[in-house]
Amino acid sequence: MSIAIKVIDGYQKYISPLTGSNCRFYPTCSEYAKWLFANSDIFTATIKTTIRILRCNQLFNGGIDSKDDVDKFQFIHMFYTTHASVSP
């Protein structure tokens with residue numbers, strides 16, 4: 001998972017400064033993604049990061065996302081972990 005964090009660090013260092021300071025959320029999407037990849041499995045981190053980025057537009061209000069947010073997609077995670085442990 002450190003590869004994902006290094007990719008996010010590269011984005012923060014090289015690409016993010018070019019786009020300006022216009023984030024709709026706190027923490028920023030990239031900081032939120034880094035926290036998720038450091039503290040959860042790769043599947044959960046990828047799903048939550050993708051959902052967060054998709055919400056970053058004019059159709060959704062910005063705001064503060066807590067690290068303690070309820071996982072709205074828990075059923076996906078349960079399905080993934082249940083079927084990932086099954087051997088052929």
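Author: A term to begin with: a crossing is left-handed if the near helix is turned anticlockwise from the far one by less than a right angle, and right-handed if clockwise. This is a predicted model, where local features need pLDDT of at least 70, side-chain atom pairs count only at pLDDT 80 or more, and totals for chains, interfaces and linings use all residues. Residues are numbered from 1 along each chain as its sequence is written, and side-chain values use heavy atoms, with hydrogens and water left out.

Reader: Fine. In which hand does H1 pass H2?

Author: Left-handed. Helices here are DSSP runs of H or I with at least four residues, strands are E runs with at least two, and both are numbered from the N terminus.

Reader: At what angle do the axes of H1 and H2 cross?

Author: Roughly 165°, and the axes come within 9 Å. Axes are lines fitted to C-alpha atoms, for helices over the stretch in contact, with angles from 0 to 180 degrees between N-to-C directions. H1 and H2 are therefore roughly antiparallel. The cut-offs: under 35 degrees is roughly parallel, over 145 roughly antiparallel, 65 to 115 roughly perpendicular, the rest oblique.

Reader: Which residues in H1 meet H2?

Author: Ala4, Ile5, Ile8, Asp9, Tyr11 and Gln12. Their partners in H2 include Ala33, Lys34 and Phe37. Contact means heavy atoms within 4.5 Å.

Reader: Take Ile5. What is Ile5 in contact with, leaving aside neighbours within four places in sequence?

Author: Lys34, Phe37 and Ala38. Ile5 and Ser30 are 25 residues apart in sequence, with 9.3 Å from C-alpha to C-alpha.

Reader: Back to H1. Where is the kink centred?

Author: On Gln12, at about 40°. The bend at a residue is the angle between axes fitted to the seven residues ending there and the seven starting there.

Reader: And what follows H1?

Author: Gly20, with a positive phi near 85°.

Reader: New topic. Which peptide bond is cis?

Author: The one from Tyr26 to Pro27, with omega near -5°. Pro27 sits in the loop between strand S1 (25-26) and H2.

Reader: Now H2 and H3. What is their packing angle?

Author: About 165°, with the axes 9 Å apart. That makes H2 roughly antiparallel to H3. The H2 and H3 crossing is right-handed.

Reader: Which residues in H2 meet H3?

Author: Cys29, Tyr32, Ala33, Leu36 and Phe37. On the H3 side, Ile42, Ala45 and Ile53 are among them.
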